[in-house]
Amino acid sequence: MSFVRLPESVVSCRNLVGGEWVSPAGASAQEVRSPYTGTLIGRVPLTPASGVAQAVEAAKAAAPGWRATPLRERTQFLQRFRALLETHLERLAHLAASESGKTVAEGRAGLLKGIEVCDFALSLQNLDSGAHLEVSRGVTCEYRREPLGVVAGITPFNFPAMVPLWLFPIAVTVGNAFILKPSEKVPLTATALGELMVEAGYPPGVFSVVHGAKPAVDALLEHPDVKALAFVGSSPVARHVYVEGSRHGKRVLALGGAKNHLIVVPDADPELTPQAVVDSFTGCAGQRCMAASVMLAVGDVQPLVDDILRRASRLEAGPGMGALIDRGAVDRLETAIARAQADGARVLLDGRGKRPAGEAYANGHWLGPTVLDHVRPDMEAARRELFGPVLSIVRVPTLSAALAVENASPYGNAASIFTTNGAVAQSVVEGARAGMVGVNVGVPVPREPFSFGGTGESKFGHGDITGPSSLDFWSQLKKVTRKWSARTDGSWMS
């Protein structure tokens with residue numbers, strides 16, 4: 001049985017520079033293997049600084065003409081690109097799954113969320129037309145939203161389509177020339193998105209793809225013509241990107257990792273809650289910054305814990321839950337599980353050694369759902385982002401104690417409360433430190449136009465990466481005050 005269609009032949013990725021697909025000079029190549037099978041599915045160039053500079057120059061040349069293109073005309077290109085995303089939805093979903101380890105359903109969901117961001121960007125032609133006001137007799141003020149010029153996005157392996165689509169539809173629609181540097185672990189989907197941008201007719205240089213690793217990132221951080229840069233990845237790297245980009249005078253928004261908390265109280269809905277918890281910690285094999293990795297069990301919720309175990313144990317690796325990105329991720333998670341057990345946690349459900357049946361998947365990277373109970377708040381399993389399908393249950397006596405654990409985390413992406421009591425829910429909404437809070441929702445990712453972004457060490461920089469807040473990140477406001485003649489009947493400003 002096949003869970004995902006792998007590419008029929010090995011894909012040799014190239015950079016998209018000035019509307020042309022080019023192989024960067026002096027670049028070594030890295031293999032891309034599917035997490036499902038270990039099969040070679042692609043090769044990606046590791047672009048040196050000179051190749052990054054080539055893309056920046058092409059983007060810089062395209063920026064003035066694109067800036068001068070009226071907003072309504074820019075949206076016409078995005079309308080064509082959006083239609084192409086829908087046309088190629090299934091192909092892109094399988095491609096994203098094949099290189100990231102997602103299930104095809106998760107790959108499809110990521111694309112649909114990206115299309116939702118495209119819809120928000122398309123709405124700007126009607127919603128973001130500036131402002132004009134007569135502020136005094138004979139005096140008017142207005143603001144105009146203007147692009148920054150050349151901007152860039154550095155995106156992670158776990159969402160090959162969705163996270164790039166959080167960034168460039170908005171950035172290019174407000175008039176910037178955008179350079180995408182995808183994770184070198186998942187270059188195939190980014191290449192496919194670039195092909196669709198070319199097919200949509202965007203002028204050469206308005207959208208670029210530069211493949212590579214840390215040297216390419218550093219080159220973007222240091223290049224003086226890159227005015228703004230968005231990043232999504234782990235917190236240590238997000239901090240580095242924010243510090244280095246800011247040091248070089250750039251506008252930077254860097255989203256990091258998380259340690260998200262699901263607070264479960266005894267009156268939680270017995271049908272909704274267990275499935276929501278399972279879906280949250282196993283979705284995308286736990287490889288997402290919105291995965292719930294800590295369940296704060298308040299009081300006696302043992303029947304709910306038992307149901308969570310029953311549902312999670314029935315989840316099959318492969319059709320029900322995808323693979324981990326590489327062998328290093330498997331080793332890291334298995335070590336963390338063993339360390340938690342040595343520290344006193346009980347392994348209620350052990351996913352080590354689980355994989356789909358069939359020789360084809362023998363070389364894939366697998367870990368089944370794993371549940372640790374009686375985890376103490378000071379343990380690594382309760383504090384550090386593990387980034388896998390591991391749920392740590394921390395037993396607490398009261399809701400106040402649960403909020404104290406949540407508030408003590410240095411991260412601040414997501415928290416959810418599972419209850420049928422409105423007062424309890426409201427106390428968590430008000431008391432949680434996280435930037436995104438859910439009530440009976442396991443993965444509280446806001447829908448557009450409600451923007452995505454956390455707090456604490458889950459975000460470095462100001463604002464959010466989607467929604468109205470993103471407009472201020474990708475653009476600047478020019479304020480214009482006009483007076484055409486002297487007035488005798490005016491105020492001090494006249």
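1. In this predicted model, the side chains of K185 and D326 form a salt bridge, with an N to O distance of 3.2 Å. The rule finds one salt bridge across the interface of domain 1 and domain 2. On the side of domain 1 that touches domain 2, the residues divide into eight polar, four charged and four nonpolar.

2. The domain assignment places residues 11–256 together with 462–479 in domain 1, and residues 260–439 in domain 2. Taken over C-alpha atoms, the centres of the two domains lie 31 Å apart.

3. How many residues of each domain are in contact with the other? Domain 1 contributes 16 residues and domain 2 contributes 22. Between them the domains bury about 1,400 Å², of which 60% is on carbon and sulfur atoms. Five residue pairs are in polar contact between domain 1 and domain 2, with both residues of each pair at pLDDT 80 or more.

4. The largest nonpolar core comprises 75 residues, and those with the most contacts inside it are F81, L85, F178, Y202, I465 and W474. At least three residues of this core come from each of domain 1 and domain 2.

5. Leaving aside residues up to four places away in sequence, I465 touches W166, L167, A230, F231, V232, L253, L255, F452 and S470.

6. A second, separate core has 39 residues, L296, A340, F387 and V394 among them.

Definitions and conventions. Residues numbered from 1 in each chain as written. Predicted model: local features only at pLDDT ≥ 70, side-chain atom pairs only at ≥ 80, totals over all residues. Heavy atoms only, no water. Domains from an automatic or database assignment. Contact = heavy atoms within 4.5 Å. Buried area = accessible area lost by both parts, 1.4 Å probe. Salt bridge = Lys/Arg side-chain N within 4 Å of Asp/Glu carboxyl O. Polar contact = N/O pair within 3.5 Å; in protein donor to acceptor, adjacent residues only side chain to side chain. Nonpolar A, V, L, I, M, F, W, Y, C, P; charged D, E, K, R; others polar. Core = buried A, V, L, I, M, F, W, Y, C linked by side-chain atoms within 4.5 Å. Buried < 20%, exposed > 50% of the residue type's maximum accessible area, 1.4 Å probe, protein only.
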